[in-house]
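Biologist: I would like to learn how to read a model of this kind, beginning with the contacts and ending with the helices. Could we go through it step by step?

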Amino acid sequence: MARTWDRLTIPGKALFVLIPLLAVLTAGLIITIALFGQQILDILIFNLPIVRFVLAATVLLLLAPPIAFVIIYMEMKIIALMNLRIGPDRVGPWGSLLSTVHGLKVLMKEDFTPTRADAVVFTWAPVVVFAAAALSALVLPFAPGLYGQDFNLGLLYFFAIGGMTVVGLLMGGWSSFNKYSLLGGLRSAAQIISYEIPLTLSVVGLVLLAGTLSLNTIVVQQGAVYDAAGNLVRGGWFLDWYAFRQPLGFLIFAIAATAEANRTPFDLTEADSEIVAGFATEYSGMRFGFFFFAEYINVFIISAITTVLFLGGWNAPFPAPHISWIINPGAFGIGLLFLVALVPLIGTLVLAAPFYLFRSNTRWWVALILGFLLFNVIAGGLITLWAYINFDWVAGLVWFMGKTFGLVFLFVWMRGTLPRVRIDQLMSFAWKWLLPASLLNLFVTALAIVVIDALRHPR
Amino acid sequence: MSLLSGLVPGLGIAKGMALTLRRFFAPKATVMYPEMPADVATKFRGRLQLLYDEYGALKCETCFQCAQACPIECIDMGGVDTRGRFHVHWGAPETYGERREESAMRRSGRTVPDQAYEHFASFDLTTLDEILDGYDHDPKRMLQMLEATQAAFGYLPVAAIKRISEKTGAWYATIYGTASYYGHLRFEPPSNTAQAGEVSARRASDETYLAALGASLGGRPGGDA
């Protein structure tokens, strides 16, 4: 027995342990569900908010790296195109897997902790920064019914959790045992705290108009109003968005958000050409990677919150024509089976026929491949259209993601264009211009509300 | 415009953003080199380079064929002959002269030659001119001319070959090639008089010698360009 065990390779030993363990655990899970399934379900339903929170947090943490990868790829590609270069084009289609490869590369690098650094704080700093970025997405309404939590302090929660980034940056800067890191950390803390004030104040005017801090409600207020029968009552056009009711607030928010997300022209926190990444000087490997993940998640989050607050969230920019075109797959009966089996085949053949018949130099298998691809494109398009029309949340997600990634493009575009400002310019702009402007916006909004209220309800 | 840009805040930013957006859609400057070879003229032959054989010796035999074939006469080459004795040169005189100018040499970091130094001993050209007159400056009778020259001087001085080239209109390289083809023509003074008399001895029966030579060359008496 011992000799047989010794002969196994290390993967063999791992499998030898894991497979029985998995089998036992699966059997146990099935038995537990069979015996106590109802009770567990009851407990889960009873604690639905907690379940929802855990589920949403897990989903967001899982979704964060892919979103960051997409944005990193966008940044590389778009800036390259703006520099008259081609950019990444080797790994994956149009180089789209390059950021994934970058992530793997970072994972393989040495994870170094400097001597006499505060190891615990040093390790937790990227976690705090990443968690602050990822968890602030909990309150974002992605689509009707598709949000982590909807509570009436959503906006406050967002700014509070987002402000935790500063703690993480200071932790990283302080624990590195390096005076330059410390200076970098303090510098980025100064920048982010300075811009947090106009950022928050510029939203107060909007909050006065909306009368709520719930992000979901704010989005609903910017959309169309339907009656019980599903007919459009009023609104639905993009002019209802808060960007048109709070233009100054929108402008201030956009500028302050750029600084908040450490994006060009306010990326002094990183400033790799001047201060070698500031607070992150001593970081390497995946801990450094997490700072950068957090930065790109932040770009997404900031774009998303701008979309939610000012650009109508998941609302389409025009009133959606109400179409009830519902196909119930169950209505086909046994025909559904034939449909699923035969339609791809027939579609492929029908679409391949023109290529084969009218282009004499196309071989039959090339024509078949072309037909199959064409069928997939058409079927995928039709299914997407069907989902868009029938499901509110699909349509909402399409518009929300479209607007958000439009803003991400804007951020990247700005990075491809604008040079970095100086630290004194950055600070004086925040305190001398943005803060008075946001206060002005707040006062004018409050005054307008009071005056309009007085005109509508004269004493 | 400058007044306007001073008055409107953010106009410069808008201009810059517009520029990058135009660049975004503009054709790209990247050359996908290994997959897409660079677009060059059809006449392009790449960099001129002398090759070495497997023993590390230069393969170039200074035959000047490349220089003669060059359609735009851009090849300017110089070196020593196959036996490593004499300086030979091919190239447009003006280019050559330009490159040999003192300032050009200095700029390119080469040693500046001593202007007073003379490569080849000057010699009396009247003998040579008489020989050439005798053959009517006909380049088709090059071998006879060269043999007569060698008979007169004992060898073929570079200055003589230059003179022949000048008078007959044949290229220096051609004459050099012709001369280097035949073993009995030499480019250095003979070491003794017996050697010097060799050519004259062999030229005793000019016609039979040429006929034999022509037969060995496939009915083509040598020397024509």
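Modeller: Let us start with the term contact: two residues are in contact if their C-beta atoms, placed from the backbone, lie within 7 Å. In chain B, among contacts between residues at least 6 apart in sequence, 49% join residues at least 24 apart. This is a predicted model, in which local features need pLDDT of at least 70 and side-chain atom pairs count only at pLDDT 80 or more, while totals for chains, interfaces and linings use all residues. Residues are numbered from 1 along each chain as its sequence is written, and chains are lettered from A and ligands numbered from 1 in the order in which they are written.

Biologist: How many residues of chain A are in contact with chain B, and which helix supplies the largest share of that side of chain A?

Modeller: Nine residues of chain A are in contact with ten of chain B. Helices are DSSP runs of H or I with at least four residues, and strands are runs of E with at least two, numbered from the N terminus. On the side of chain A that touches chain B, α14(A) gives the largest share, three residues.

Biologist: Where does helix α2 of chain A bend, and why does it lie largely in the open?

Modeller: A bend is the angle between axes fitted to the seven residues ending at a residue and the seven starting there; α2(A) bends by about 80° at A:Phe36. A residue is buried if 20 or more other C-beta atoms, placed from the backbone, lie within 10 Å of its own. Of the 37 residues of α2(A), the number buried is zero, so this helix lies largely in the open. In chain B, 13% of the 225 residues count as buried.

Conventions:
A residue is buried if 20 or more other C-beta atoms lie within 10 Å of its own, exposed if 12 or fewer, and partly exposed in between; C-beta atoms are placed from the backbone.
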